[in-house]
Amino acid sequence: MEKAVFIDRDGTINVDKHYLYKKEDFEYLPGAREGLKILQDLGYLLIIVTNQSGIARGYFDEEAYLELDKSMKADLLLHGINLTDSYYCPHLIDGTIKKYAIDCECRKPKLGLFERAIKDHNIDINKSIVIGDSPRDIGLAGNNKYVKGFLLYQNFDMQQENIYYMKGGLLEVAEKVKEDARMDALNNRGKNLFIRNLKKWFLSR
Ligand SMILES: [Mg+2]
Ligand SMILES: [Zn+2]
């Protein structure tokens with residue numbers, strides 16, 4: 001099974017410009033690409049999970065969303081970052097485009113998009129991470145204490161159980177995840193050494 005990072009798009013990877021759909025308006029947040037690269041190198045699948053109610057509101061269509069998604073993926077690839085997949089919710093219950101004006105199961109904080117991703121990519125949810133700039137992005141971590149949830153661009157740094165409030169963005173998250181992995185490895189090494197020494201001690205008696 002794979003471990004994954006589920007990443008919100010607007011306000012997490014790129015500057016949130018409210019119902020962004022034009023390529024020329026797409027602007028990365030500082031450290032976003034660097035952070036994604038580190039997370040990828042740590043062995044995580046990178047999966048975008050985004051609410052795009054601009055579609056239900058009639059501000060842009062699915063095609064425009066997919067165009068932007070494609071160009072972002074191509075750009076990331078040029079920077080050595082391979083997005084595994086992206087999932088979006090086009091719905092909004094009181095949207096103006098009838099087809100999308102439904103109470104769906106995929107608009108975050110609902111978990112429909114995550115459930116699809118988990119199934120599509122054989123993801124071990126308990127080893128995964130969810131990142132966003134709004135509490136509704138990290139509902140998965142609220143539901144499952146084994147999932148680490150990172151809430152970005154907060155006024156303070158704080159950890160509350162499995163939820164991390166961060167002043168910084170994706171780069172700071174990636175550094176934190178990397179440091180945690182290093183500490184886990186050290187702890188395991190320490191534990192193994194302790195057990196080995198204990199065995200030695202027993203055998204020598
Ligand atoms: Mg956002
Ligand atoms: Zn939806």
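Of the 205 residues in this chain, 32% count as buried; a residue is buried if 20 or more other C-beta atoms lie within 10 Å of its own, exposed if 12 or fewer, and partly exposed in between, with C-beta atoms placed from the backbone. This is a predicted model, where local features need pLDDT of at least 70, side-chain atom pairs count only at pLDDT 80 or more, and totals for chains, interfaces and linings use all residues. Residues are numbered from 1 along each chain as its sequence is written, while chains are lettered from A and ligands numbered from 1 in the order in which they are written.

**The overall layout**

- The chain has five helices and seven strands; helices (H or I, at least four residues) and strands (E, at least two) are DSSP runs, numbered from the N terminus.
- Along the principal axes, the C-alpha atoms fill a box of roughly 80 × 35 × 35 Å.
- Take the contacts between residues at least 6 apart in sequence: 60% of them join residues at least 24 apart. Here, two residues are in contact if their C-beta atoms, placed from the backbone, lie within 7 Å.

**The sheet**

- Seven strands make up an open sheet, ordered β3-β2-β1-β4-β5-β7-β6, and the pairing is mixed. Two strands pair if DSSP finds at least two bridges between them.
- Why do β3 (85-89) and β6 (158-160) each have one side without a neighbour in the sheet? They stand at the edges with a single partner strand each, so nothing in the sheet sits beside that side.
- On average, neighbouring strands of this sheet are turned by 20° against each other, direction ignored. For angles like this, axes are lines fitted to C-alpha atoms (for helices, over the stretch in contact), and angles run from 0 to 180 degrees between N-to-C directions.
- Strands of a sheet pair through backbone hydrogen bonds, either parallel or antiparallel.
- β4 (residues 129-132) and β5 run parallel, joined by four bridges, and Ile131 stands opposite Phe150 in β5.
- β5 also runs parallel to β7 (residues 163-165), with three bridges between them; Phe150 stands opposite Tyr164 in β7.
- β6 and β7 pair in the antiparallel sense over three bridges, with Met158 opposite Tyr165 in β7.
- In β5 (residues 148-151), Lys148 and Phe150 point one way, Gly149 and Leu151 point the other way, and all are buried.
- Helix α3 (residues 112-121) lies across β1, β2 and β3, at about 155° to β3.

**The nonpolar core**

- The largest nonpolar core has 39 residues, and those with the most contacts inside it are Val5, Phe6, Ile7, Ile47 and Ile131. Such a core is a set of buried Ala, Val, Leu, Ile, Met, Phe, Trp, Tyr and Cys residues joined through C-beta atoms within 7 Å.
- Strand β2 (residues 45-51) gives the most to this core: five residues.

**Two residues to look up**

- Leu20 is in the loop between β1 (4-7) and α1 (32-41). Is Leu20 buried or exposed? Leu20 is buried, because 20 other C-beta atoms lie within 10 Å.
- Gly139 is in helix α4 (residues 139-143) and counts as partly exposed, because it has 18 C-beta neighbours inside 10 Å.
- Gly139 and Leu111 are 28 residues apart along the chain, and their C-alpha atoms are separated by 7.6 Å.
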